[in-house]
Amino acid sequence: MKLNADVGEGMGNDEALFRWIDMANIACGYHAGDTGLMARTVDLAVTYGVAVGAHPGYRDREGFGRRSVAHLPGEIERLVLDQVEALDAVCREQGTQVQYVKPHGALYHDMMQRMDVLEEILQALCKLAGKIPLMVMARTQDAAEKLLALKFGVPLLFEAFADRAYTDDGTLVDRSLEGAVFTTPGPMIAQARQIASQGSVTTASGKVLPLRADSICVHGDNEASIAAAKQIYLSLRT
């Protein structure tokens, strides 16, 4: 089980996270970051032997990419391509490359709720060399996403979350609600261990849901997540 984190967003202590993650979701400049920050973050990935993933979002720096933005057909494909290609250019200057794509914030949630958004993202990845994988949210019902990805020949990586509470339908509790984001390491470590060892997650109401994941996410803008990352990383290897 791999541990991934959202980084390069200009907040938190990225270097502290890089010591304890396998995959880095690097902001590509639309919701956060810029070319200089991308270069510094890619350098950390190279230094610590961490896989580089592109973390494209809506062009919404004021809202940190957490607000859905309406687009005309074809525009989401273009914005994803532009961001991934920008990060990949930075990577190649440092002898590496983008190895997967994980959308950020509202774009991620729109992708999981709307097949037209998912389709545009898959179309974008089809135009990249090697058809790199797309990271999506692990859910109990994922047949539609798998079928569409198969149509485009794009591999999927499924992720679960260590630092977010789940609803009974397998989605994340809205950030505006109390308890949606774990603020101490204990619950994060316990949830990560349960996902990795039991293939399940306990929801905010106490229901246990089956959940198959390839990777577990912690958020780099959450100080408690940084504190928990080392213990989660080590627990995934025991």
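Biologist: A charge sits over a ring if NZ of Lys or CZ of Arg is within 6 Å of the ring centre and within 35 degrees of the ring normal. So which residue lies over the face of Y233?

Modeller: R237, at 3.7 Å from the ring centre of Y233. Before you read too much into that: this is a predicted model, where local features need pLDDT of at least 70, side-chain atom pairs need 80 or more, and totals for chains, interfaces and linings use all residues. Numbering runs from 1 along each chain as its sequence is written, and side-chain values use heavy atoms, with hydrogens and water left out.

Biologist: Fine. Where's Y233?

Modeller: In helix α8, residues 223-235 (helices are DSSP runs of H or I, at least four residues; strands are runs of E, at least two; both are numbered from the N terminus).

Biologist: And is that Tyr buried or exposed?

Modeller: Y233 counts as buried because its relative accessible area is 18% (buried is under 20%, exposed over 50%, partly exposed in between, with a 1.4 Å probe and protein chains only).

Biologist: What is Y233 in contact with, neighbours within four places aside?

Modeller: L3, W20, I21 and D22, with contact meaning heavy atoms within 4.5 Å. For a sense of scale, G95 is 138 residues from Y233 in sequence, and their C-alphas are 26 Å apart.

Biologist: How accessible is F18? And Y48?

Modeller: F18 is buried, at 1%. Y48 comes out partly exposed because its relative accessibility is 27%.

Biologist: Which charged end sits over the ring of Y108?

Modeller: That of K102, 5.8 Å from the ring centre.

Biologist: Why is α4 called largely enclosed?

Modeller: Because 7 of its 9 residues are buried: G105, A106, L107, Y108, D110, M111 and M112.

Biologist: What do those buried residues pack against?

Modeller: The partners are α3 (75-93), α5 (115-126), β5 (134-137), α6 (143-152) and β6.

Biologist: Last one, H31. Where is it?

Modeller: H31 is in the loop between β2 (23-27) and α2. H31 is buried too, at 1% relative accessibility.

Biologist: Which side chain is joined to that of H31 by a polar contact of 2.9 Å?

Modeller: E9's (an N or O pair within 3.5 Å; within protein, one donates a hydrogen and the other accepts, and sequence-adjacent residues count only if both atoms are side-chain atoms). The H104 side chain also makes a polar contact with that of H31, at 3.5 Å. Skipping neighbours within four places, contacts of H31 also include H55, G57, Y58, D60 and R61.
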